[in-house]
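Work through the exercises below with the sequence and the model in view. Each task is followed by a solution in steps.

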Amino acid sequence: MKLQKATLFGLYAVLDLAEDRERTRSAGEIAETYGISINHLAKVLRDLGRAGLVEAARGVGGGYRFIGNPKRVTLMDVIEIFEDIRSGAGDARDPGAKTDIGYSLHVVLGEIEDIARATLRSVTIETLLKHVRRDRDQRRAAAAE
Amino acid sequence: MEMSKYAARRQGAKSSTVAKAAKKPAPAAAPRAAQGPIIRPVNPGDLSGVVKVDQRNTGVAKRDYWQDQYERYLRRPKERFFLVGEFEGRIVGFAIGEVRAWEFGSPPCGWVFALGVDPSVRLRNIGSQLIDAISEHFKCAGMRKLRTMLRRDDNLNLSFFRSLGMMAGPFIQLEKDLEE
């Protein structure tokens, strides 16, 4: 599954901000961390704000902070702000989809996407951050040896 | 699914298939949170509570099935674990698992094949405690891998197991309709 750039940037921003919900981070800081376009990220942050996942804090030390519930918001919730992956493969409008071969091919591709969607629906922000912390600890422990 | 502590019995677990890793001593006592649920091995008198919890979750009472599971558990107590969660004097959860060796070529691992928590006590970490407890039993049996299988659309339980760090394993489940 190939996600659009905006979707990927949205996931980076949400996960980055959710790691420390008290902290604010500017669009520039986030963009620098992930090596992505600040202009593109700024638009993404506005979309995340409209969706109620982040809020902008103004003034000194201003920036963005995560305001969603990390135990309830899933990766799919973030992805759906930017793109519709509910029905990808298996779309009857695709060229050739109504032929015998096209139908069977789309059934197989649809199976793959069903699994991908189930996975994205079941991984919350908190769950993914657990992986982040565990992997980070393991890398640090390995580096210390 | 879950289980708790069949310690002494497990001392002798020796199946050569089951254990590269050194076996750990079994948990000395059932895990218990302060004023929280008690996680312990099932007793015959718990089955009606298990049936009720399952019925609340699935809408179907399957007394014969749970009786059969209990009897199966009794036959191989060193490798099958049937745990219940007791809270305020009633059964509010259960977990059942077993060691499965060389199924589809897989080295021995711990399978959790039933888990239920009464909806009225969700968000009290009872499911997590059940899984933690059964994991300890599997570790004591020499297992280093925990597996389960869920419906793709069972988002509640998928999210729960994901939150415990479980990820997709190396096997893919396949099925087909058998034609008449």
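**Exercise 1.** Which residue in β3(B) is the bridge partner of L83(B)?

Solution. The bridge partner of L83(B) is A95(B). This is a predicted model, in which local features need pLDDT of at least 70 and side-chain atom pairs count only at pLDDT 80 or more, while totals for chains, interfaces and linings use all residues. Residues are numbered from 1 along each chain as its sequence is written, and chains are lettered from A and ligands numbered from 1 in the order in which they are written. Helices (H or I, at least four residues) and strands (E, at least two) are DSSP runs, numbered from the N terminus. Two strands pair if DSSP finds at least two bridges between them. β2(B) and β3(B) pair in the antiparallel sense over eight bridges. The two strands form a hairpin with two residues between them, and E88(B) in the turn has a positive phi of about 50°.

**Exercise 2.** Find the order of the strands in the sheet of chain B.

Solution. Step one: strand β3 (residues 90-100) of chain B runs antiparallel to strand β4 (residues 109-117) of chain B, with eight bridges between them. One of the pairs is G93(B) with V117(B). Step two: β4(B) is joined by two bridges to strand β5 (residues 146-147) of chain B, and these two run parallel. Here W111(B) has R147(B) as its bridge partner. Step three: the order is β1-β2-β3-β4-β5 in an open sheet of mixed pairing. β1 (38-41) and β5 of chain B are at the edges with a single partner strand each, so one side of each has no neighbour in the sheet.

**Exercise 3.** State how many residues of β3(B) are buried.

Solution. A residue is buried if 20 or more other C-beta atoms, placed from the backbone, lie within 10 Å of its own, exposed if 12 or fewer, and partly exposed in between. Nine of the eleven residues of β3(B) are buried, so this strand is largely enclosed by the rest of the structure.

**Exercise 4.** Check the span of α2(B) and list its buried residues.

Solution. The expected span is 1.5 Å times one less than the number of residues. For the twelve residues of α2(B) this gives 16 Å, and the end C-alpha atoms are 16 Å apart, which agrees. The buried residues are G49(B), V50(B), V51(B), V53(B) and D54(B). Among the elements that cover them are α3 (63-75), β2, β3 and β4 of chain B. Just after α2(B), G59(B) has a positive phi of about 80°.

**Exercise 5.** Is G35(A) buried or exposed?

Solution. G35(A) lies in the loop between α2 (27-34) and α3 (38-50) of chain A. With 6 other C-beta atoms within 10 Å, G35(A) is exposed.

Methods
Two residues are in contact if their C-beta atoms, placed from the backbone, lie within 7 Å.
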